[in-house]
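Q: Before we look at any single feature, could you show me the structure that we are going to read together?

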Amino acid sequence: HLQLGLPRSAPWVVPEVVANPILEQCAAALLGPCFLGFYNGNTNTPQSGDENHAQPMHADGAWVWKSREEADAARMPWPHPATGVVINFGVDSISELDGTEVWPGSHNDTCVLEAPASGASREGGLAVAYPAAVEARRASAPPVRNTIPKGAVAIRDVRLWHRMNQPLGT
């Protein structure tokens with residue numbers, strides 16, 4: 001897929017996206033006072049779903065507090081709540097066939113704070129870096145497709161494991 005940074009001016013920046021009062025209320029309820037920090041678009045290319053071009057499973061954000069002790073020192077619960085969210089817009093209907101694979105509950109998996117498996121690379125994604133954790137997650141809460149009707153939104157924690165255009169669960 002291609003990541004497309006949009007121009008930061010009209011007609012590409014529209015209030016319905018960057019100043020939507022309903023989405024602002026949702027983000028504030030999840031995060032407290034916050035701001036739009038990244039405005040971007042993802043576009044799948046025709047071959048992005050084949051095995052040679054599939055996106056590795058990953059999370060878009062990291063853990064702010066890296067241990068229970070750090071969270072306790074900051075007076076935060078463990079695992080700590082979201083510190084960032086991604087809001088995906090359905091500019092067209094996104095179906096089971098082309099939706100992003102998401103792993104429910106994975107935003108609370110602290111395994112990513114441990115050292116990756118021997119020989120794991122960033123390019124291989126979480127399945128290569130933490131194979132036992134991925135298999136445990138698959139057994140307890142397998143991945144699903146994030147489907148979004150045209151005009152709707154999906155909100156997710158930046159730590160949620162996901163990948164685009166991969167045969168579900170492989």
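A: Let us start with E101, which is buried because its relative accessible area is 0%, where buried means under 20% relative accessible area, exposed over 50%, and partly exposed in between, with a 1.4 Å probe and protein chains only. Please keep in mind that this is a predicted model, in which local features need pLDDT of at least 70 and side-chain atom pairs count only at pLDDT 80 or more, while totals for chains, interfaces and linings use all residues. Residues are numbered from 1 along each chain as its sequence is written, and side-chain values use heavy atoms, with hydrogens and water left out.

Q: Which side chain meets E101 in a salt bridge?

A: Side chains of opposite charge can pair when their charged atoms come close. The rule for a salt bridge asks for a side-chain nitrogen of Lys or Arg within 4 Å of a carboxyl oxygen of Asp or Glu. Here the partner of E101 is R163, with an N to O distance of 2.7 Å. This pair links distant parts of the chain, 62 residues apart, since R163 belongs to strand β7 and E101 to strand β4. R163 is buried as well, because its relative accessible area is 6%. Helices (H or I, at least four residues) and strands (E, at least two) are DSSP runs, numbered from the N terminus.

Q: How are strands β4 and β7 joined?

A: Strands of a sheet pair through backbone hydrogen bonds, either parallel or antiparallel. Two strands count as paired if DSSP finds at least two bridges between them. In this model, two bridges join β4 (residues 100-102) to β7, and the strands run antiparallel; V102 has H162 of β7 as its bridge partner. Three strands form an open sheet in the order β5-β4-β7, with antiparallel pairing. The strands β5 (144-146) and β7 (162-163) stand at the edges with a single partner strand each, so one side of each is left without a neighbour in the sheet.

Q: How many salt bridges are there by this rule, and where do E135 and R138 lie?

A: The count comes to five salt bridges. One of them joins E135 and R138, whose closest N and O atoms are 3.3 Å apart. An α-helix has 3.6 residues a turn, so residues three or four places apart point the same way. Both E135 and R138 lie in helix α5 (residues 131-140), three residues apart, which is about one turn of the helix. E135 is partly exposed because its relative accessible area is 44%, and R138 is also partly exposed, at 24%. Another salt bridge pairs D157 with R159 at 2.8 Å, N to O; D157 is buried at 11% relative accessible area, and R159 is buried at 2%.
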